[in-house]
Amino acid sequence: MSDMPRGTATLSPFSGWRHSLAQNMSFLLSFVILAGLTLLYIGLFHGQLNAYPGTFEWTSVVNTAVPTVLVAVGQTIVVITRGIDLSVGGVIDVSNALAATHMKDSLASMVGWSLAILALGAVFGAINGILVAYGRLQPILVTLATLAILQGLAIWILPEPGGLIPPSYSNTLASTQGPWSLCFLALVAVAWLVLRRMTIGVRIFAIGNDESAARAHGIPVRRVKVIAFALSGLLAAASGLFLAASTTGGDAAAGDVYILTSIAAVVLGGISFYGGRGSALGSIAGAFVLTILTNVLFFAGINPLYQSFFQGVFLVIAVFLGVILGRLVKAST
Amino acid sequence: MSVGSSTGFGTRARDLLTVDRRRILVTFGAAILVFLVGAFLHPGFASAASIKAILVIASFVGLVAAGQTFVLLVGGIDLSIPWVLNAAGVLFATASLGRDSRAAYALLLALGLGALVGLVNGLCISYLAVPAVVMTLAMNGIMEGLTLGRTQGLTCETCRSYAPPALQSAIHAQLAGIPVQLILWFGVILAVTFILSFTTFGRKIYSTGSNAVASYLAGVNVRAVTVILYMLSGFFAALAGIVLVAYSGQATLGLGDPFLFQSIAAAVIGGVAILGGRGHYLGAVAGAISLIALISLLQAENMPDYGRSILYGVAILVVLLLFGREERT
């Protein structure tokens with residue numbers, strides 16, 4: 001638990017573990033929910049099939065969760081600066097479409113296109129950031145507009161679902177033999193922990209907490225915002241690549257669903273929409289919660305048509321619990 | 001525009017008003033410009049029939065934008081509109097069973113559903129401190145799941161019901177050459193303008209949006225105002241859903257999808273500040289007309305879908321860069 005979203009215990013009138021518990025309530029809650037849901041999934045699976053989920057099931061869970069995790073971590077960074085990035089869906093669309101139409105079955109092509117697509121994602125993100133920071137525009141409006149532009153671009157690149165991802169690319173990134181893609185998650189988690197401690201990480205949190213105070217302390221607010229959006233674009237592009245690998249084909253509308261799931265994962269991960277607090281580790285847990293929830297609903301025999309109903313109810317309850325528990329702990333100090 | 005020429009939106013600070021009003025006039029000007037360009041490119045684009053048709057399409061966005069404007073004015077946002085609209089449309093058709101005798105009952109039921117959903121949104125946002133983005137996003141999913149689940153994906157027995165024929169013909173009728181749908185919209189414009197500009201409730205909306213804490217200290221029941229506004233947003237989404245079903249005859253799934261982004265875009269183009277406290281429904285009306293006129297023009301140009309999507313995004317960005325920039329801090 002070294003990555004407390006905010007270690008402000010020493011600055012606060014409340015001190016000690018109670019305060020830090022209250023501060024991190026929704027973050028901790030995301031892991032409690034994840035553990036509970038996982039147990040429920042195992043239980044339901046056992047009840048239905050009289051066996052425990054094996055390598056195949058866990059691999060499928062991990063491979064389904066990875067695109068959500070990647071995009072949710074990017075969304076987290078932007079939300080911590082008190083922004084929101086709706087264009088991630090469009091970036092995934094474009095990356096997915098580009099990979100499906102251009103990638104050839106050679107090492108040079110696969111590596112080259114992967115790097116090019118990641119760079120393109122970062123550029124798209126940086127454009128969002130420039131419009132927000134230097135154009136002095138609201139993030140939700142800017143990314144709404146760039147979302148429409150990117151969706152159009154994606155359909156222009158790949159008018160109909162199709163294309164082909166080289167099998168070796170799929171097997172490397174999204175192997176179905178085992179949950180090897182967990183390596184990418186570990187990589188992202190470590191990268192987050194490093195980023196969090198770098199100057200840029202501290203600055204991202206500072207802006208989210210109090211932008212004018214951050215500016216007064218000489219933090220280059222605009223540049224930091226551009227970097228935050230660029231990271232979000234980069235991670236969304238990575239998500240699009242992984243999605244292309246695991247579905248072995250392209251779809252110019254594949255990313256649209258990730259706009260809302262990335263926000264839902266961020267919410268479940270306990271990241272505050274008022275900026276300045278939260279940990280990407282929480283969003284990773286949140287992304288897994290959403291994935292496992294789908295499986296739980298399936299094994300609980302719930303009509304798939306009701307799926308979004310339960311997801312919505314679940315989201316509200318999780319947020320509500322975070323607020324209430326945080327208040328209770330605070331009140332008891 | 002001088003202060004003296006104003007026709008009286010109320011007694012707010014006059015100098016502030018002129019800036020906001022100029023913005024509304026500019027947006028109406030933009031709509032006229034689109035029609036002029038359209039008339040130049042396509043003779044007949046600005047004919048009476050064509051303008052009427054475009055205004056009718058804009059009126060659907062305009063109805064939804066009324067609710068969205070209300071919540072934006074207090075710094076909120078309603079992302080639950082697509083499926084509240086869709087659920088109300090489906091409920092209206094299925095409850096009426098296509099019979100005129102059940103039309104009033106179905107109408108009240110569907111409008112009540114919209115207001116009820118808005119009530120839940122508002123209560124959770126203002127009393128349980130759930131962020132508006134999260135709450136309304138979750139509510140959109142809840143309504144989607146309920147609509148799909150309850151109707152078995154719109155395959156149920158009553159799902160094939162048409163809207164009551166009396167309402168269908170009423171919405172397609174014309175009074176003195178003006179489509180009834182436009183008269184309905186005009187009524188809504190008058191009512192919303194009256195609320196915003198000539199009532200104490202309107203004053204409370206603007207004060208809550210400008211500074212919620214100060215308004216609370218001044219005795220405004222900020223929470224109650226917020227709840228009512230979300231109810232209004234649900235109500236108008238439901239109204240748009242009913243009108244759409246009456247207009248097209250039958251309910252479909254995904255009916256509400258385009259209206260989320262279009263309602264926000266219309267309000268923002270018309271000068272409604274997304275952080276609250278500034279803007280007017282008249283601006284959103286002008287925004288809806290210019291937006292739909294632009295989309296219709298692009299359609300008339302045989303612009304492919306993807307090109308329209310790109311231009312739509314670019315147009316919003318241009319408008320934002322021209323008008324939507326925050327003060328330098």
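In this predicted model, B:Leu311 sits in helix α13 of chain B. With a relative accessibility of 35%, B:Leu311 counts as partly exposed, because that value falls between the limits of 20% for buried and 50% for exposed.

The side chains of B:Asp305 and B:Arg308 meet in a salt bridge, with 3.1 Å from N to O. Both residues lie in that helix, 3 residues apart, or about one turn. B:Asp305 has a relative accessibility of 54% and counts as exposed, since the cut-off for that word is anything over 50%. As a general point, side chains of opposite charge can pair when their charged atoms come close.

Over all chains, the search of the whole structure turns up 3 salt bridges. In chain A, A:Arg215 forms a salt bridge with A:Glu211, and the closest N and O atoms are 3.3 Å apart. These two residues both belong to helix α10 (residues 211-216) of chain A, where they are 4 residues apart, about one turn of the helix. A:Arg215 is partly exposed, with a relative accessible area of 33%. A:Glu211 is partly exposed as well, at 28%.

A:Glu211 has another partner. A:Lys225 forms a salt bridge with A:Glu211, this time with the closest N and O atoms 3.2 Å apart. This pair links distant parts of the chain: A:Lys225 is in helix α11 of chain A and A:Glu211 in helix α10 of chain A, 14 residues apart. A:Lys225 is buried, because its relative accessible area of 13% is under the 20% limit. Through shared partners, the salt bridges join A:Glu211, A:Arg215 and A:Lys225 into one network.

Helix α11 of chain A, which spans residues 221-247, also packs against helix α4 (residues 88-102) of chain A. The two helices meet at an angle of about 45 degrees, and their axes are 8 Å apart. That angle makes α4(A) oblique to α11(A), and α4(A) passes α11(A) in a right-handed crossing. Helix α4 of chain A has a further neighbour in helix α6 (residues 139-157) of chain A: the axes of these two come within 8 Å and cross at roughly 15 degrees. Angles under 35 degrees count as roughly parallel, so α4(A) and α6(A) are roughly parallel to each other. Their crossing is left-handed.

Two residues of chain A stand out for their backbone angles. Most residues other than glycine have a negative phi. A:Arg82, however, has a phi near 75 degrees, which is positive even though the residue is not a glycine. A:Arg82 is found in the loop between α3 (55-80) and α4 of chain A, and it is exposed, with a relative accessible area of 52%. A:Thr248 is not a glycine either, and it has a positive phi of about 55 degrees. The place of A:Thr248 is the loop between α11 and α12 (257-268) of chain A. At 40% relative accessibility, A:Thr248 counts as partly exposed.

A:Leu325 and A:Met25 are 300 residues apart in sequence, yet their C-alpha atoms are 6.8 Å apart in space. A:Leu325 lies in helix α14 (residues 307-331) of chain A. It is partly exposed, with a relative accessible area of 27%.

Key. Residues numbered from 1 in each chain as written. Chains lettered and ligands numbered in written order. Predicted model: local features only at pLDDT ≥ 70, side-chain atom pairs only at ≥ 80, totals over all residues. Heavy atoms only, no water. Buried < 20%, exposed > 50% of the residue type's maximum accessible area, 1.4 Å probe, protein only. Axes fitted to C-alpha atoms, helices over the stretch in contact; angles between N-to-C directions. Parallel < 35°, antiparallel > 145°, perpendicular 65-115°, else oblique. Left-handed = near helix turned anticlockwise from the far one by under 90°. Salt bridge = Lys/Arg side-chain N within 4 Å of Asp/Glu carboxyl O.
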